[in-house]
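User: I have a structure open and have not looked at it before. Can you walk me through what is in it?

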Amino acid sequence: TLEGVDISSNMIEEAKKKGVYDKLSVADIMEIIDNYENDFDVIIAMDVLCFFGDLSEVYKKCARALRQGGVFGFTVEKDASGQDWTFHNYGNFLHSSDYLKRMGKTFGFKEMKIEEMVLRKELYEARVGYLCIFQRI
């Protein structure tokens, strides 16, 4: 089963065109995920967590929603300030790799990969971040 969630109805309409989803919801991911416990093998959040500063609730809810051995994959933009996370003037949150690792350990995940990469280009600027893969233990 493949479920998709986005707060934007336009993004859900685009997803419908692909014809691959079993269920699509226009909703806040943090509210939807509260409805699940040990239900998913994989949760993917690409270019979503840049809208969250503190990720503790995200990790906690994903750990609850995943089955043991389930995978949580996501991207975040890189914070190089030495802080756990900061708000950038272009409107996204940035996160440090140390913070991501610590949150993983705190909420029962094994780090599989944290790879620094260019996530996208925006206004001709490379947005550097991390591709993260954690496994629920």
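User: What kind of model is it, and how are residues numbered?

Analyst: This is a predicted model, in which local features need pLDDT of at least 70 and side-chain atom pairs count only at pLDDT 80 or more, while totals for chains, interfaces and linings use all residues. Residues are numbered from 1 along each chain as its sequence is written, and side-chain values use heavy atoms, with hydrogens and water left out.

User: Back to that pair. Is Glu77 buried or exposed?

Analyst: Glu77 counts as buried, because its relative accessibility is 1%. Buried means under 20% relative accessible area, exposed over 50%, and partly exposed in between (1.4 Å probe, protein chains only).

User: Which residues are linked with Glu77 in a network of salt bridges?

Analyst: The network links Glu77 and Arg120 with Asp47, Glu122, Glu125 and Arg127.

User: Why would such side chains pair up at all?

Analyst: Side chains of opposite charge can pair when their charged atoms come close.

User: How many salt bridges are there by this rule?

Analyst: The count comes to 14 salt bridges. One of them joins Lys16 to Glu13, with the closest N and O atoms 3.2 Å apart. Both residues lie in helix H1, three residues apart, about one turn of the helix. Lys16 is partly exposed at 48% relative accessible area, and Glu13 is partly exposed at 41%.

User: What does Lys17 form a salt bridge with?

Analyst: Lys17 bridges to Glu14, the closest N and O atoms being 3.0 Å apart. These two are separated by about one helical turn, because they are three residues apart in helix H1. Lys17 counts as exposed at 64% relative accessibility, while Glu14 is partly exposed at 43%.

User: Switching to the inside. What is in the largest nonpolar core?

Analyst: The largest nonpolar core has 28 residues, and those with the most contacts inside it are Leu49, Leu55, Tyr59, Phe72, Phe74 and Leu100. Two or more residues each come from helix H2 (29-32), strand S3 (40-45), helix H3 (56-65), S4, helix H4 (97-106), S7 and strand S8 (125-136). H3 gives the most, with five residues. Such a core is a set of buried Ala, Val, Leu, Ile, Met, Phe, Trp, Tyr and Cys residues joined through side-chain atoms within 4.5 Å.

User: What is Phe74 in contact with?

Analyst: Leaving aside neighbours within four places in sequence, Phe74 is in contact with residues including Leu49, Tyr59, Leu100, Tyr130 and Phe134. Contact means heavy atoms within 4.5 Å.

User: And H3, which residues of it are buried?

Analyst: They are Ser56, Val58, Tyr59, Lys61, Cys62, Ala63 and Ala65. That is seven of the ten residues of H3, so this helix is largely enclosed by the rest of the structure. The cover over the buried residues of H3 includes H2, S3, S4, H4, S7 and S8.

User: How many aromatic pairs does a search of the whole structure find?

Analyst: The search finds twelve aromatic pairs. One of them is Phe87 with Phe93, edge-to-face, 4.9 Å centre to centre and 65° between the planes. Phe87 is exposed at 52% relative accessible area, whereas Phe93 is buried at 18%. Rings of Phe, Tyr and Trp (its six-membered ring) pair if their centres lie within 6.5 Å; planes under 30 degrees apart count as stacked, over 60 as edge-to-face and the rest as tilted.

User: What sort of pair do Phe109 and Phe134 form?

Analyst: Phe109 and Phe134 are edge-to-face, at 6.2 Å centre to centre and 70° between the planes. Phe109 lies in strand S7 and Phe134 in strand S8, so the pair ties together parts that are 25 residues apart in sequence. Phe109 is buried at 4% relative accessible area, and Phe134 is buried at 0%. Ring pairs also link Phe109 and Phe134 into a cluster with Tyr59, Phe72, Phe74 and Phe107.

Terms used:
Salt bridge = Lys/Arg side-chain N within 4 Å of Asp/Glu carboxyl O. Helix = DSSP H or I, 4+ residues; strand = E, 2+ residues; numbered from the N terminus.
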